[in-house]
Amino acid sequence: MKKFTILFLVLAFCIMGLITGCGDDEDGGTTGPSIDPEDYDFYMTVASTNYQRNENVITIIPMDNNIITSMEISVNGVTVIMTSCMNFWTGSANMDEGQAYQVEAIINDNNYSFTINIPHIPIVNWPVNWIVTEPTTINWTLTADAEYQEFYGTSTDYITWDEAYADLGSSDRSFTIPANWVDPNYPDFDLMLMEMNFSFEDNLIVSCLSFDDALYVQGRLSGDSGKHNIIEISKNMYKRIFK
């Protein structure tokens, strides 16, 4: 469905800003515990590609003024080949949705050992036509709840982007997109339903993300999907969830 390549991720990571603080929960959705990002040195995401269901991209970035000088990581004893780009490190590993995995990592000679839980991938009943100026209800199925669930939308002319987020309850299986949720004057629109689990290990934040998305061109469902900066979206979700 999606040609979501590691090359795109690396390019996106290299232009992305680091986490500097926590924002407000604008939509009144699920909120998490009080966590100060300044207490953590590194941020790791494990994100499904939505291209192959068991393919996940692992990315580790430093927070604040930290620098990653060396990186080793394995998942259930299998070494993951990581590549650096301007102090961002990324690689890929096969992990099945809904399963737990033991991760061993060495970052700058610091050892980390923790378990991650890969969220199930939602199956969304995307409408063939989306009239942005009218309320639209979206329904989906999900094998089991993740810790956090969020709906994301954007409209763009590929020069300017208008974005909107809605924090949902973890058991929700529908969401009504408000009329004019994103700017209806742009030609292309992208919708995305995200499932996320978080872990915290010493000075490392870990987020596991699975999603389904749909690209609309002139309001009609396209055969392809948009390309997302998953780290940036994950970071924004983290900032809203954790006060």
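Which order do the strands of the open sheet of 3 strands have? The order is 9-10-13, with antiparallel pairing; strands here are DSSP E runs of at least two residues, numbered from the N terminus, and two strands pair if DSSP finds at least two bridges between them.

A word on the basis. This is a predicted model, in which local features need pLDDT of at least 70 and side-chain atom pairs count only at pLDDT 80 or more, while totals for chains, interfaces and linings use all residues. Residues are numbered from 1 along each chain as its sequence is written, and side-chain values use heavy atoms, with hydrogens and water left out.

Strand 9 (123–125) and strand 13 are its edge strands, each pairing on one side only. Strand 10 and strand 13 pair in the antiparallel sense over 4 bridges, and Thr136 stands opposite Ile177 in strand 13.

Ile177 is buried, with a relative accessible area of 0%; buried means under 20%, exposed over 50%, and partly exposed in between, using a 1.4 Å probe and protein chains only. Beyond its neighbours within four places in sequence, Ile177 is in contact (heavy atoms within 4.5 Å) with residues including Trp130, Phe151 and Leu191.

Finally, the salt bridge, defined as a side-chain nitrogen of Lys or Arg within 4 Å of a carboxyl oxygen of Asp or Glu. The count by this rule is 1: the side chains of Asp145 and Arg173 meet at 2.5 Å, N to O. Asp145 lies in the loop between strand 10 (136–141) and strand 11 (148–156), and Arg173 in the loop between strand 12 (161–168) and strand 13 (174–177), so the pair ties together parts 28 residues apart in sequence. Asp145 is partly exposed at 42% relative accessible area, and Arg173 is partly exposed at 25%.
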